[in-house]
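These are my notebook entries on one structure. I looked up a hairpin, the nonpolar core and a few backbone details, in that order.

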Amino acid sequence: MRRLRSLATVAAAGLLLLFALPSSCPWDSAVAYEEVLSCDDGDSDWQYAQGWEGCRHVAKYEAPEWANWLVGAQYCVGYFNEFYLIVIGPSESSPAPGDSVQYVQLVPDMGDAQSRFDWLEVRLEEPVQIRNSGAFPGGVFFVGAEWIHYLQPWFALDMVAPVHGCTWHMTPGNPWQHYTIGDVMIRAIVSDTIGTPVGGATWSAVKALYR
Ligand SMILES: [Ca+2]
């Protein structure tokens, strides 16, 4: 009888454990859901942002609740040359980007100069945890570029209303300035987990999350 009772206890405990397990299977956790966040409408309007060594242009985004990682960025570029992909957290005292760069990655020259405004997708070598409340309070982050070369590359601007005002830029030695006449066409690829992306860009949803 005691044996039966202990068997029943084990079975009940097993049942409880079964219900306590997360609903997704462990092997599902290697599959990442991704979305592309955007503050532009997709047309470059043949306007562009340029800079010189040390200049920065970034787009401000707020991570959706489900998103934990920044895994890539998309740039609408013309007259391509190498540049630094940069990720910055918000300033403590203003809506501007903060001073310290949280992540930097060289985007190498692709060889043949790219003279048209085409989308370039860059995957981060190390995904950035945008739920890090110290670096990115409220899931707010800025992703963009720092120029290495004079006036190359160009980044397309969306100048047609609505303008979401997501863009900030700076020149070396000067404070950040809010760009209000257009949105730089730099997008953020966010993911719920780190793993093999499902669908990649085909799952992308253009969202103007930051206004
Ligand atoms: Ca627009």
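**Entry 1: a hairpin.** I began with strand 6 and strand 7, which a hairpin joins through 6 residues. The model is predicted: local features need pLDDT of at least 70, side-chain atom pairs count only at pLDDT 80 or more, and totals for chains, interfaces and linings use all residues. Residues are numbered from 1 along each chain as its sequence is written. I noted that helices (H or I, at least four residues) and strands (E, at least two) are DSSP runs, numbered from the N terminus. Strand 6 and strand 7 (residues 97-107) run antiparallel and are joined by 7 bridges; two strands pair if DSSP finds at least two bridges between them. Within this arrangement, Tyr84 stands opposite Leu106 in strand 7.

**Entry 2: the core.** Which residues have the most contacts inside the largest nonpolar core? I found Leu70, Val143, Phe155 and Val190, in a core of 46 residues. Strands that each supply at least two residues of this core include strand 4 (56-62), strand 5 (69-78) and strand 9 (140-147). The largest share, 7 residues, comes from strand 5. I recorded the terms: a nonpolar core is a set of buried Ala, Val, Leu, Ile, Met, Phe, Trp, Tyr and Cys residues joined through C-beta atoms within 7 Å. A residue is buried if 20 or more other C-beta atoms lie within 10 Å of its own, exposed if 12 or fewer, and partly exposed in between, with C-beta atoms placed from the backbone. In soluble globular proteins, nonpolar side chains tend to be buried together.

I then looked up Val143. Leaving aside residues up to four places away in sequence, Val143 touches Val58, Ala59, Tyr61, Leu70, Ala73, Val87, Ile186 and Ala188; contact requires C-beta atoms, placed from the backbone, within 7 Å.

**Entry 3: backbone details.** Most residues other than glycine have a negative phi, and most peptide bonds are trans. I noted Tyr79, not a glycine, with a positive phi of about 45°, in the loop between strand 5 and strand 6. Is Tyr79 exposed or partly exposed? Tyr79 is partly exposed, because 16 other C-beta atoms lie within 10 Å.

Leu151 also is not a glycine and has a positive phi, of about 60°. Leu151 lies in the loop between strand 9 and strand 10 and counts as exposed, because it has 12 C-beta neighbours inside 10 Å. Pro153 is in the loop between strand 9 and strand 10, and a cis peptide bond with omega of about 0° joins Gln152 and Pro153.

Conventions. Two residues are in contact if their C-beta atoms, placed from the backbone, lie within 7 Å.
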